[in-house]
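Please keep the coordinates open while reading.

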Amino acid sequence: MWVRKRIDIGWLDLLSASARCVVPGSRPVASERAEAAWSADGRAFACLSVRSGLDLLLKALELPAGSEVLVSALTIPDMVRIVEHHGLAAVPIDLHDMDASPHVELLEKLVTEKTKAILVAQLFGSRFDLAPFVDFAKEHDLILIEDCAQAFEGDRYKGHGEADVSMFSFGPIKTATALGGGIFRIRDEALIARMRTLQAEYPVQSRWFFFKRVLFYTVLKILGGKLAFALFVRTCRLLGKDFDEVLNGSIRNFPEDEFFASLRQQPSLPLLKLMIRRIRNYRNEDLDRRAARGALLASLLPPENCPGASASSHSYWVFPLRVDDPPRIVAAFREAGFDSTADSSMQPVEATDGRTEAAPETARGLLKSAIFLPLYGEMPESEIRRMAEVLVPLLRDAEPAKQPTLHSQTNPL
């Protein structure tokens, strides 16, 4: 069976990471080198994760309690949790149906005198034009934060030049993973200085913790092989466990009961060294191969079933598919030898205080009807075509899930 997601890291990377857990070195020097590897202009900031960096950013900004942050209507719940922890309100910006970009035309309806920032997410590996959001942020004197955790593009994109903050993730399931870590690009020198000062007060993640993480994801990489994954699935069934739940539960980054304590740490030396290695050595051709497989699959499926595929730039970090009955399609697809899941770490951001103009209708509909397909560069084109051959009849058996029409037009930008 083709597993839905492979850990994007090589065996030599894992071996190097293991060795770095015992080799001495200077953590501050490694941090400077990781930041310089991303950007030589001194505007990069290395941290434990995107969550950690967002928490630090909001600490450093010290926005007034009760301020509002306009947020892409589909994101991971932890991002909203962090926003609200700092006494701020997250107001969702609903999405365009086809390219999954935040609906820029909604901003004028959502902005109030309390609005202080915009946090927009580049979803699924796609990237939309940020220029309209830059213009709106300048017009209303707002801080513009670009979440690129799902949109790594090698050395081709390091963040929009006019975004105040651009956030990139090297988390375990991300492209070019370092099994953790985040890099922020920050325009304001005073802001980055405050974040450095705040982070310096945190304890350092232990080498032993990172070593255990390397071992764990080595096992998951082994399970990424077809035979190993088939054996894993069979073992879970024999034990009466849902392998979907086992997989999803195994990759949660921060324990729920100690969430903020876990993310308020400085990255360890071996983590920083691995980040440097991944940034410097990542090959764009690997990204191109995956993007080509994604474009091929999208061309073989009905466009209305492929949210995000119409984006002008897409690396297909994941491939979501909109279907009428996710459990039925997932079961049939697995029978054909392709793992998939309807489970997602993302959730719609719900409007608060009765703001009906902020209801995330498109985001709700997208997530309710989405499954996620296996898609990576190592898959032969023949298997991509076979995937489409399996899917097309399944999609024809029933009408595609009805979507709300409020924001369903393609983004003209």
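Predicted model: local features only at pLDDT ≥ 70, side-chain atom pairs only at ≥ 80, totals over all residues.

Which residues of α12 are buried? They are L269, P270, L271, L272, L274, M275, I276, R278 and I279.

**Helix α12**
- Helix α12 covers residues 269–281, and its 13 residues should span 18 Å at 1.5 Å a residue, which agrees with the 18 Å that separates its end C-alpha atoms.
- The buried residues of α12 pack against the helices α1 (11–20), α2 and α8 (207–223), and also against the strands β1 (44–47) and β9 (182–186).
- An α-helix has 3.6 residues a turn, so residues three or four places apart point the same way.

**Aromatic pairs around W38**
- The structure holds 13 aromatic pairs; in one of them the ring centres of W38 and F152 are 6.3 Å apart with their planes at 35°, and because pairs between 30 and 60 degrees are classed this way, the pair is tilted.
- W38 belongs to helix α2 (residues 27–38), whereas F152 lies in the loop between β7 (143–147) and β8 (165–169), so this pair ties together parts that are 114 residues apart in sequence.
- With a relative accessible area of 3%, W38 is buried, and F152, at 4%, is buried too.
- W38 also pairs with F168, where the ring centres are 4.8 Å apart and the planes stand at 55°, so that this pair is tilted as well.
- The pair of W38 in helix α2 and F168 in strand β8 links distant parts of the chain, 130 residues apart, and both residues are buried.
- One aromatic cluster is formed by W38, F152, Y157, F168, F170 and Y282.

**Charges over rings**
- The charged end of R81 is placed over the ring of F259, at 4.2 Å from the ring centre.
- K221 lies over the face of W11, and here the distance to the ring centre is 5.1 Å.

**F45 in strand β1**
- F45 is part of strand β1, and its relative accessibility is 0%, so F45 counts as buried.
- Although F45 and M195 are 150 residues apart along the chain, their C-alpha atoms are separated by 8.5 Å.
- When neighbours within four places in sequence are left aside, the residues in contact with F45 are E35, L56, G182, I183, F184, I186, I192, M195, R196 and Q199.

Technical notes
Residues numbered from 1 in each chain as written. Heavy atoms only, no water. Phe/Tyr/Trp six-rings, centres within 6.5 Å; stacked < 30°, edge-to-face > 60°. Helix = DSSP H or I, 4+ residues; strand = E, 2+ residues; numbered from the N terminus. Buried < 20%, exposed > 50% of the residue type's maximum accessible area, 1.4 Å probe, protein only. Lys NZ or Arg CZ within 6 Å of the ring centre and 35° of its normal. Expected span 1.5 Å × (residues − 1). Contact = heavy atoms within 4.5 Å.
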